[in-house]
Amino acid sequence: MNKSQEPIQRSHSPMDLTNCKMKVAIVYASVSGNTKELAEELYQILLTKSVHLSIYSIEEFSLADLCQYNAVAIGTYTWGNGEIPKEMRRLYQAFESLNRKEITTAVFGTGDSFYPMFCGAVDQFRDMLYVHTNLAATLKVELRPQEQDFHRCDKFAEALLLRASMGIPVS
Ligand SMILES: Cc1cc2nc3c(=O)[nH]c(=O)nc-3n(C[C@H](O)[C@H](O)[C@H](O)COP(=O)(O)O)c2cc1C
């Protein structure tokens with residue numbers, strides 16, 4: 001067999017081996033549209049990857065479906081004094097009580113650096129998700145996403161998918 005006839009070697013991720021696409025959900029809360037815009041930017045990026053992708057506002061999302069996903073990207077604005085918005089607390093509590101290290105997560109959000117706790121809700125989610133899930137990445141954006149944020153969005157999406165394809169971390 002000469003060089004050109006050799007079989008092509010391909011590397012497979014665990015997902016390829018099971019021949020099914022990774023299931024990814026984006027779940028976000030937004031009042032004035034900034035976080036929704038960021039969620040939609042991430043959706044557009046993830047659409048170009050080979051994943052089964054869904055996007056939900058928190059009001060549309062059923063907590064009962066949480067364990068169906070290999071990866072969940074959570075988007076939140078920050079309220080009060082660095083607080084998680086009321087509508088996002090049930091998602092926070094669900095991840096906390098499920099304690100599923102096999103779900104890869106990432107958290108993104110918009111905030112206003114005028115406030116002392118910039119994107120405090122992202123920090124609170126990050127600390128909990130690090131303990132109770134397989135946390136891959138965080139992303140904080142000042143109010144509406146701008147052009148300089150798009151590269152950061154790419155990196156965030158890449159980190160989420162890479163971590164999810166690696167499987168459950170050894171603790
Ligand atoms: C009453 C109030 C409190 C806020 N508190 C914070 C805060 O503590 N930290 C922060 O980074 N942003 C804070 N913000 C800013 C919002 O998080 C920011 O405008 C965000 O982009 C809104 O997201 P949305 O457009 O998706 O609703 C506050 C805004 C309001 C109106």
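Trainee: What makes isoleucine 84 count as buried?

Mentor: The cut-off is 20 or more other C-beta atoms within 10 Å. Isoleucine 84 has 23 such neighbours, so it counts as buried. Its place is in the loop between strand 3 (71-77) and helix 3 (89-98).

Trainee: Which residues is isoleucine 84 in contact with, leaving aside its neighbours within four places in sequence?

Mentor: Thr76, Arg89, Tyr92, Ala121 and Gln124. Look at glycine 120 as well: it is 36 residues from isoleucine 84 in sequence, yet their C-alpha atoms are 7.4 Å apart. Across the protein chain, among contacts between residues at least 6 apart in sequence, 79% join residues at least 24 apart.

Trainee: Why is a set of residues called a nonpolar core?

Mentor: Because its members are buried residues of the listed nonpolar kinds, joined through C-beta atoms within 7 Å. The largest such core here has 43 residues, and Leu42, Phe108 and Leu160 touch the most other members. Strand 1 (residues 22-28) gives the most to this core, with 6 residues. Leucine 160, beyond its neighbours within four places in sequence, is in contact with Ala71, Ala73, Thr104, Ala106, Ala136 and Ala137. As background, nonpolar side chains in soluble globular proteins tend to be buried together.

Trainee: How many residues surround the ligand, and which are the closest?

Mentor: There are 22, and the closest are Ser30, Asn34, Thr35, Tyr77 and Gly111. Two elements give two or more residues to this shell, helix 2 (34-47) and strand 4 (104-111); helix 2 gives the most, with 3 residues.

Trainee: What is the make-up of that shell by class?

Mentor: The shell has 8 nonpolar, 12 polar and 2 charged residues. Gly counts as polar in this scheme.

Trainee: How do you know which part of the model to read with care?

Mentor: Check pLDDT, the predictor's confidence on a scale from 0 to 100. The protein chain averages 90, and 87% of the residues score at least 70. Over residues 1-17, however, pLDDT stays under 50. Where pLDDT is low, the predicted coordinates should not be read in detail.

Conventions: Residues numbered from 1 in each chain as written. Predicted model: local features only at pLDDT ≥ 70, side-chain atom pairs only at ≥ 80, totals over all residues. Buried ≥ 20, exposed ≤ 12 C-beta atoms within 10 Å, placed from the backbone. Helix = DSSP H or I, 4+ residues; strand = E, 2+ residues; numbered from the N terminus. Contact = placed C-beta atoms within 7 Å. Near = placed C-beta within 6 Å.
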